[in-house]
Amino acid sequence: MVIKVFLASSSGSTAIKKKQQDVVAFLEALKVDYTQLDIACNEDNRMWMRQNVPAAKKPANGIPLPPQIFNEESYCGDYETFFDAKEDNSVYAFLGLPPPPGSKEAVQADRAHIVENGTHAEETNAEGNLDDSSEVPVDARNGDAHGDEEEGEGGEEGEVAEGETADDEVVEEETAGDEAPTEEEEEEDAVEDEVTEDTAHAEEEEEQEEADDDREEEELRQLEEEEAE
């Protein structure tokens with residue numbers, strides 16, 4: 001599956017350019033296979049994008065602005081929905097792609113699966129099957145063959161073994177919680193920090209660029225009228 005990103009290479013809007021750069025930079029950082037399709041220089045690309053953006057996702061004037069993102073023929077969303085997915089660590093789900101093993105999104109999906117369906121198989125096995133060390137000694141199960149004294153010693157050994165097993169389980173749980181982040185998670189965090197800074201700067205300028213967006217839409221409408229003539 002190839003991700004399609006519809007862009008306008010000759011857009012006069014600074015805000016649109018920043019949004020397009022944000023999407024492309026993040027996809028490249030994640031090493032996602034994608035294709036850029038220019039709507040400014042290719043009429044077929046522009047018409048295809050406009051026809052395939054759902055009506056509910058189009059603005060009031062009916063002309064969707066770039067960037068628009070598709071997975072093959074399936075619509076993923078515009079910049080706003082892409083940004084929300086990035087903030088929620090759900091970009092792969094937004095793109096309709098499976099997250100790579102070890103990524104932050106894969107870890108979150110695994111945790112959600114555990115919450116929904118119960119504990120890990122390993123944990124269930126540990127709870128469901130008694131450890132050999134916690135079993136009652138054979139002598140104690142077979143009666144008083146060796147006397148009350150030996151039975152008492154066997155019972156104490158069983159209690160000690162059970163205590164050691166419980167301590168081992170606690171240590172394993174604490175160790176699992178202290179695992180260091182993977183290289184992929186560290187790389188994703190670094191990418192997100194860098195892109196978030198650029199996005200914050202773009203948002204500050206976006207209000208100042210609203211007039212440019214209106215002018216861009218007017219230019220697109222005029223261009224369509226000229227082409228129609």
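This is a predicted model: local features need pLDDT of at least 70, side-chain atom pairs count only at pLDDT 80 or more; totals for chains, interfaces and linings use all residues.
## Overall architecture

Residues are numbered from 1 along each chain as its sequence is written, and side-chain values use heavy atoms, with hydrogens and water left out.

Of the 229 residues in the protein, 31% are buried; buried denotes under 20% relative accessible area, exposed over 50%, and partly exposed the range in between (1.4 Å probe, protein chains only). Among contacts with a separation of 6 or more, 68% involve residues 24 or more positions apart, a contact being heavy atoms within 4.5 Å.

## Confidence

The mean pLDDT of the protein is 75, and 52% of its residues reach 70 or more; pLDDT is the predictor's confidence in each residue, from 0 to 100. Confidence is highest in strand E3 (residues 68-71), at a mean of 98, and lowest in helix H6 (residues 121-128), at 45. Over residues 121-134 the pLDDT is below 50, and this stretch has six contacts in the model beyond near neighbours in sequence.

The four strands form an open sheet with mixed pairing, in the order E2-E1-E3-E4; two strands pair if DSSP finds at least two bridges between them. Strand E2 (34-38) and strand E4 (74-78) are the edge strands, each pairing on one side only. With direction ignored, neighbouring strands of the sheet are turned by 25° against each other on average.

Strand E1 (residues 3-7) runs parallel to E2 and is joined to it by five bridges. Within this pairing, Val5 stands opposite Gln36 in E2. Helix H3 (residues 79-87) lies across E3 and E4 and runs at about 85° to E4. Axes are lines fitted to C-alpha atoms, for helices over the stretch in contact, and angles run from 0 to 180 degrees between N-to-C directions.

## Aromatic pairs

The whole structure contains seven aromatic pairs. Rings of Phe, Tyr and Trp (its six-membered ring) pair if their centres lie within 6.5 Å; planes under 30 degrees apart count as stacked, over 60 as edge-to-face and the rest as tilted. The ring centres of Phe6 and Trp48 are 5.4 Å apart and their planes are at 10°, so this pair is stacked. Because Phe6 lies in strand E1 and Trp48 in helix H2 (residues 43-52), the pair ties together parts that are 42 residues apart in sequence. Phe6 is buried at 1% relative accessibility, whereas Trp48 is partly exposed at 24%.

The rings of Phe82 and Phe94 have their centres 5.9 Å apart and their planes at 65°, and the pair is therefore edge-to-face. Phe82 lies in helix H3 and Phe94 in helix H4 (residues 91-95), so parts 12 residues apart in sequence are tied together. Phe82 is buried, with a relative accessible area of 0%, and Phe94 is buried at 14% relative accessibility.

## Aromatic cluster and charges over rings

Phe6, Trp48, Phe70 and Tyr75 form one aromatic cluster. The ring of Trp48 also has the charged end of Lys4 over it, 5.1 Å from the ring centre. Elsewhere, Lys86 lies over the face of Phe26, at 5.5 Å from the ring centre. A charge sits over a ring if NZ of Lys or CZ of Arg is within 6 Å of the ring centre and within 35 degrees of the ring normal.

How values were computed. Helices (H or I, at least four residues) and strands (E, at least two) are DSSP runs, numbered from the N terminus.
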